Amino acid sequence: MLTKLKKLEAAAQQALDSCADADALEALRVQYLGKKGELTALLKELQSVDADQRPVVGAEANRIKVELGEAIRAKTESMDRQRRQQQLESDSIEDVTLPSGLIMPGAIHPLTQVTHRIVEIFHGLGYAVADGPQIETDYYNFSALNFPDNHPARDMQDTFFVENGLLLRTHTSPVQIHVMERRRPPLKIIVPGAVYRHDDDITHSPIFYQVEGLAVDESITMADLKGTLRRFVVEMFGDNTPMRLRPSFFPFTEPSAEVDMGCPNCCGKAKAKGCRLCGDSGWLEILGAGMVDPAVLENVDYDPERYQGFAFGIGVERIAMILYGIDDIRLFYDGALPFLEQFA
Ligand code: FA5
């Protein structure tokens, strides 16, 4: 039996040395170590060996089984490594900086482009960018901004309520409160971001974008607000763009104003005939603004005797529609490439 094992080991070793590929190695494994393999068959013969010889023969057979299995596995791995190395060498990339030819050029969305431009203008005037949550509490979205409980002013902004008394912010103004709670004056911030209202037609969208502005310091006046907004309009639409402030109402500003600019379609000449953009009024509303109400300053522990502030809220879609002469707000959200490609 030991002689048979020695012969089998020598034959298997010779066959292993001459194996040239993975298929041959697998065939060799099956031939010797498989269920019906030669070594397996010899192991079955162990029962016929004398009992005193059986441990020695058994140990030898197991040694050959383990070593042969290990040798086949090692040679398989080594051949695999060699094959991968050869593949790497033959596949080697000549120049990783060459373009792949599959790149589809993207473009920044027009609303993002307009937001960037607005931020850039106010950055130039010394404003820092601030951010706040889009899911808000009633306190930040309404109460802290001086909306009394059950007051009809809350209906001006059709609110999407989330569970547990939370809501989707209806404007970027709650970020005024978050920032003032954290910082002391003087401060000048702008807040670009998404807001939500239950509102849907060709000039209103359920999700839209605003850029909030807030400046608080000693001796700030309405003239500072007007000068700042004038600079914004000139930078955005050009030197000769007419602009006017119209009295309005927001619970968190007093006095409040809406700002109109001359319609670029009919050049600000009121009573033009058939202007699609301004409906022949000659004016387009672009934002809401005002002096921060002293009650709001008190809510964040600012002394209204010492500090004054102004704030404004710009509708980004409105600016983009005027800038590009677009009359349906939904075009911004449809994701239609022929529309979006025009802004690439
Ligand atoms: C506000 O949201 C105030 N928070 C703005 C403000 C800030 C006033 C600071 C004073 C001080 P208003 O609801 O008017 O105001 O919205 C501001 C702008 O958002 C509007 O002029 C309009 O351009 C835009 N807007 C309002 N609703 C929609 C809508 N559903 N879709 C697109 N744009 C909208």
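E258 counts as buried, at 16% relative accessibility. Buried stands for under 20% relative accessible area, exposed for over 50%, and partly exposed for values in between, with a 1.4 Å probe and protein chains only. The model is predicted: local features need pLDDT of at least 70, side-chain atom pairs count only at pLDDT 80 or more, and totals for chains, interfaces and linings use all residues. Residues are numbered from 1 along each chain as its sequence is written, and side-chain values use heavy atoms, with hydrogens and water left out.

E258 sits in strand β7. Strands (E, at least two residues) and helices (H or I, at least four) are DSSP runs, numbered from the N terminus. Leaving aside residues up to four places away in sequence, E258 touches R244, L245, R246, S248, F250, E285, L287 and G288. Contact here means heavy atoms within 4.5 Å. Strand β7 also holds P255. The peptide bond from E254 to P255 is cis, with omega near -5°.

A cis peptide bond also joins P185 and P186, where omega is about 5°. P186 belongs to the loop between α7 (174-182) and β4 (187-196).

Lining residues have an atom within 4 Å of a point. Grid points are joined across faces, edges and corners, and a volume is the space filled by probe spheres set on the points.

At least two lining residues each come from β5 (207-217), β7 (253-262), β8 (283-292), β9 (308-315) and α10 (316-324). Strand β8 gives the most, with six residues. The lining of the largest pocket divides into eleven nonpolar, 13 polar and eight charged residues. Ala, Val, Leu, Ile, Met, Phe, Trp, Tyr, Cys and Pro count as nonpolar; Asp, Glu, Lys and Arg count as charged; the others, Gly among them, count as polar.

The second largest pocket has about 240 Å³ of space. Its lining consists of M104, P105, G106, A107, I108, H109, P110, L337, L340, E341, F343 and A344. Nine of these residues are nonpolar, two polar and one charged.

Helix α1 (residues 2-17) has 16 residues. From first C-alpha to last, α1 reaches 23 Å, close to the 22 Å expected at 1.5 Å a residue. The expected span is 1.5 Å times one less than the number of residues. In α1, L5, L8, A12 and L16 are buried. Seen down the helix axis, the buried residues of α1 fall within an arc of 70°, so they line one face. The arc is that of the directions from the helix axis to the C-beta atoms. An α-helix has 3.6 residues a turn, so residues three or four places apart point the same way. Cover for the buried residues of α1 includes α2 (22-33), α3 (38-44) and α4 (54-91). The face turned away carries the exposed residues T3, K6, K7, Q14 and D17.

Two asparagines stand out in backbone geometry. N146 has a positive phi of about 70° although it is not a glycine. N146 lies in the loop between α6 (138-141) and β3 (166-168) and is partly exposed, at 26% relative accessibility. Phi of N164 is also positive, near 55°. N164 is found in the loop between α6 and β3 and is exposed, with a relative accessible area of 73%.

Methods. On a 1 Å grid over the protein atoms alone, a cavity is a set of points where a 1.4 Å probe fits but cannot get out, and a pocket is an open set with protein on both sides within 12 Å along at least five of seven lines; lining residues have an atom within 4 Å of a point.
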